[in-house]
Amino acid sequence: MPGGAANTLEGMADSPVRMRPEIAALPAYKQGRQAVADGYKLSSNENPFGPLVEIVEAVARAEVNRYPDATGPALRARLGERFGVGAQEVHLGAGSVALLSQFLLAVCEPGSEVVHAWRSFEAYPGLVTVAGGTGVRVPLLPDARHDLDAMAAAVTDATRAVLVCSPNNPTGPTVSLEGFTRFMDRVPSDVLVLLDEAYAEFSRDPEAVDGAALIGRWPNLVVLRTFSKAWGLAGLRLGYAIGPEHILDAARAVAVPLSVTGQAQLAGLVALDHEDLLLARVADIVETRGRLVEGLRALGFDVPDAQGNFVWLALGERTAAADDVFHEHGVVVRAFPGEGLRISIGERESVDRVLAAAAALR
Ligand SMILES: Cc1ncc(COP(=O)(O)O)c(C=O)c1O
């Protein structure tokens, strides 16, 4: 048809281009609903506080016409000092999700298995598939904690990595130091264990594992942290891994070059300079979390131990309808249909709105 749809991309869903079948079968990334006017976006576990002026100034100082030194020597040295390791035992990524991807690419080959809890971080299954591995999902315990004994038992000769998420996104509880130690002692030392502590700074659980204190204790342990959550730099994309140099070298080998920007590195250094201020904000978020959990429990909801900057409501089949109710109240949450809702801890003022929506569900 002259001038018609022939030159558009419409109708090209049946593209002749050959794809890896497991990739073609993956759902394309779908971002959550955007915030409604006058509402609260509590769907991505973001930090509600805007950047410090010093961080904005640091970002403005970066020379955007030059490539960054993407290995980030100054920031790695600083993080190394902080965690009592050498700069070579620290590796930076464009968010910790990039690091997860690199480590999985480094260890997986066709037939490799990657054990992780489920439900856990929604990116895990896709990252494993893209790396060429097969995910082995181990159900959470009834209190929404990792079942570390079952995870250790799920390790086979085919296992190349185990992902442990503490506090667990989206359910909230941490993994205990005692449970993690027992788990690590059972997992063979040729299986990489990635301890994903994206939300560690929000935890107030005295029993929780603290990856920073365990560095060097097992040769197969790598700890992942991020500047996205507690440090409020999600938009700049900056995460880091701490672990044995030869494992980090494998991640460096598969990393997309130059993906950690100069802005992100400068912002990370300035954030560390202002740690007290930023951790005071974290304390504020923890206080807001306490009010929200208390309010939800008073309404009769069974809320698992919330140690991240989010709470979990296991609403099962009522999830999709509940998502609509929150949306009508101007609150955007993350719904996992058939399972539950995750509500991020946002502005202090958001608590009343969230509780009003929750009350409408009773
Ligand atoms: C458990 C967990 N790990 C890692 C990430 C990745 O965060 P980023 O790539 O922003 O560092 C997230 C983000 O939501 C997360 O929830």
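Predicted model: local features only at pLDDT ≥ 70, side-chain atom pairs only at ≥ 80, totals over all residues.
**Leu-194**

I then checked which element holds Leu-194. Leu-194 sits in strand β6, which covers residues 192-196.

Next I asked which residues Leu-194 is in contact with, leaving aside neighbours within four places in sequence. I listed Leu-100, Phe-103, Val-162, Leu-163, Val-164, Val-222 and Leu-224. I also took one C-alpha distance: Leu-194 and Val-223 are 29 residues apart along the chain, and their C-alpha atoms are separated by 5.9 Å.

**Helices α4 and α9**

Phe-103 from the list around Leu-194 turned up again in helix α4, where Phe-103 takes part in the contact with helix α9. I therefore looked at how α4 and α9 are set relative to each other, and they are roughly perpendicular. Helix α4 spans residues 96-107 and helix α9 spans residues 245-254. The angle between them is about 100°, and their axes lie 8 Å apart.

Which residues meet where α4 packs on α9? On the α4 side I wrote down Gln-102, Phe-103, Leu-105 and Ala-106. On the α9 side they meet Ile-247, Leu-248, Ala-250, Ala-251 and Val-254. Sorted by class, this contact has eight nonpolar residues, one polar residue and no charged residues.

**Gly-262**

I moved on to Gly-262, which is found in helix α10, residues 262-273. Not counting residues up to four places away in sequence, Gly-262 touches Ala-62 and Pro-68. For a distance, I took Gly-262 and Val-59: they are 203 residues apart along the chain, yet their C-alpha atoms are separated by 8.0 Å.

**The whole protein**

I ended with totals. The secondary structure comes to 13 helices and 12 strands. Among contacts between residues at least 6 apart in sequence, 73% join residues at least 24 apart.

For overall dimensions, the C-alpha trace spans about 70 × 55 × 50 Å along its principal axes. I also compared the radius of gyration with that of a compact globule: for 362 residues the globule value would be near 21 Å, and the protein has 21 Å, so the two agree.

Last, I looked up burial and surface. Of the 362 residues, 49% are buried. The protein exposes about 16,900 Å², and carbon and sulfur atoms supply 54% of that area.

Terms used
Residues numbered from 1 in each chain as written. Heavy atoms only, no water. Axes fitted to C-alpha atoms, helices over the stretch in contact; angles between N-to-C directions. Helix = DSSP H or I, 4+ residues; strand = E, 2+ residues; numbered from the N terminus. Parallel < 35°, antiparallel > 145°, perpendicular 65-115°, else oblique. Contact = heavy atoms within 4.5 Å. Nonpolar A, V, L, I, M, F, W, Y, C, P; charged D, E, K, R; others polar. Rg over C-alpha atoms; globule rule 2.2 N^0.38 Å. Buried < 20%, exposed > 50% of the residue type's maximum accessible area, 1.4 Å probe, protein only. Areas by Shrake-Rupley, 256 points an atom, 1.4 Å probe, with all protein chains shown as cover.
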